[in-house]
Amino acid sequence: MADLSKAGKGEPLPPGAFPRPDVVPYIACWSSEHRPTGVVVVRGGGIALADEGPYERDDMGVLWKRIGISPGHGRPEFGKVHFLRQRRAMRKLLCQVCGGASDRTREGTLWLVGEDPSEPGPWKPGDITGHPPLCVPCAVTAVRACPHLRKRYVALRVRSFAVAGVHGALYRPGSGVFPEMYDAGALRFEHWRIGWTLASQLMMELQEFTVVDLEAEHAAYLKRAQPHPGPVREGLRPRCPLG
């Protein structure tokens, strides 16, 4: 079984893995990508932007915070999430680190989740997360590079899941047409306050899953990645060049 603690410490990394900070995670924000949100106003029983454009809400009608798209320019901000890339990774099941396909087997899609210090305990069906899935090599790297995951993480093979809500800034009526931001948190789409939320992350509900051992998953990945010789048809033998 692979020893994940040795990855990147003088031993070859698994294919596709890389040490931080040489590679910036796909969903990380760059300093060049920040944009002013604009003036938030009360409109239609919720919030809106005073100069809101036609593409600033998702297909559920939720208003999203503004952000630019210029990865690779400026400084990488490892602790901040790029909202559009995070949404794309969630919807298309992309690896949050490399941006490629996440690892999917018959047992499910690979997810790494941390433990909430305010609600410690095992993950339960129906819990939600803002972290997109991963491929196996990037998961190995993440548990070593991410301070949050280094403290505690759980690897899951998730068989069924659904986009369930958003995380963002929560507003309430304020003075006149200007609402008051009073908190930040995650809300499901059916929550009555969803129209008062300025979203910044898409949340996924993990419905059916199995807790797995990441070292065993890594070993199985390496086995799957080994090239297999082509089939030898019975009755045929390689021809000898000397006759």
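This is a predicted model: local features need pLDDT of at least 70, side-chain atom pairs count only at pLDDT 80 or more; totals for chains, interfaces and linings use all residues.

Reader: Why is Leu-93 called buried?

Author: Its relative accessibility is 11%, and the cut-off is under 20%, so Leu-93 counts as buried. Leu-93 sits in the loop between H1 and strand E6 (104–105). Helices (H or I, at least four residues) and strands (E, at least two) are DSSP runs, numbered from the N terminus.

Reader: What is the phi of Leu-93, and is it positive or negative?

Author: Positive, at about 55°, although Leu-93 is not a glycine. For background, most residues other than glycine have a negative phi. Leu-93 follows H1.

Reader: Which residues of helix H1 are buried, and what do they pack against?

Author: Helix H1 covers residues 83–92, and its buried residues are Phe-83, Arg-85, Gln-86, Arg-87, Ala-89 and Met-90. They pack against E1, strand E4 (63–64), strand E5 (76–81), strand E7 (108–114), E8 and strand E11 (197–212).

Reader: How do you know that the charged end of Arg-87 sits over the ring of Trp-64?

Author: The rule asks for NZ of Lys or CZ of Arg within 6 Å of the ring centre and within 35 degrees of the ring normal. The charged end of Arg-87 is 4.2 Å from the centre of the Trp-64 ring, and it is listed as sitting over that ring.

Reader: What makes helix H2 largely enclosed?

Author: In H2 (residues 136–145), 10 of the 10 residues are buried, so the helix is largely enclosed by the rest of the structure. Among them are Val-136, Cys-138, Thr-141 and Arg-144.

Reader: Is Cys-135 buried or exposed?

Author: Buried: its relative accessible area is 11%, which falls on the "under 20%" side of the rule. Cys-135 lies in the loop between strand E8 (128–129) and H2. Leaving aside neighbours within four places in sequence, Cys-135 is in contact (heavy atoms within 4.5 Å) with Cys-95, Cys-98, Ala-101, Ser-102, Asp-103 and Leu-110. The C-alpha atoms of Cys-135 and Gly-100 are separated by 7.8 Å, though these residues are 35 apart along the chain.

Reader: Strand E9 next: are Leu-156 and Pro-173 buried or exposed?

Author: One of each. Leu-156, in strand E9, has 0% relative accessibility and counts as buried. Beyond its sequence neighbours up to four places away, Leu-156 touches residues including Thr-109, Trp-111, Val-113 and Phe-209. Pro-173 is also placed in strand E9 (residues 153–175), but at 55% relative accessibility Pro-173 counts as exposed, since the value is over 50%. Not counting residues up to four places away, Pro-173 touches Pro-179, Glu-180 and Trp-196.

Reader: Why is Trp-192 called exposed?

Author: Its relative accessible area is 61%, and exposed means over 50%, so Trp-192 qualifies. Trp-192 is found in the loop between strand E10 (178–188) and E11. From C-alpha to C-alpha, Trp-192 and Gly-46 are 9.9 Å apart in space, and 146 residues apart in sequence.

Reader: How many helices and strands are there, and how much of the protein is buried?

Author: The protein has 4 helices and 11 strands. Buried residues make up 42% of its 243 residues. Among contacts between residues at least 6 apart in sequence, 74% join residues at least 24 apart.

How values were computed. Residues are numbered from 1 along each chain as its sequence is written. Side-chain values use heavy atoms; hydrogens and water are left out. Buried means under 20% relative accessible area, exposed over 50%, partly exposed in between (1.4 Å probe, protein chains only).
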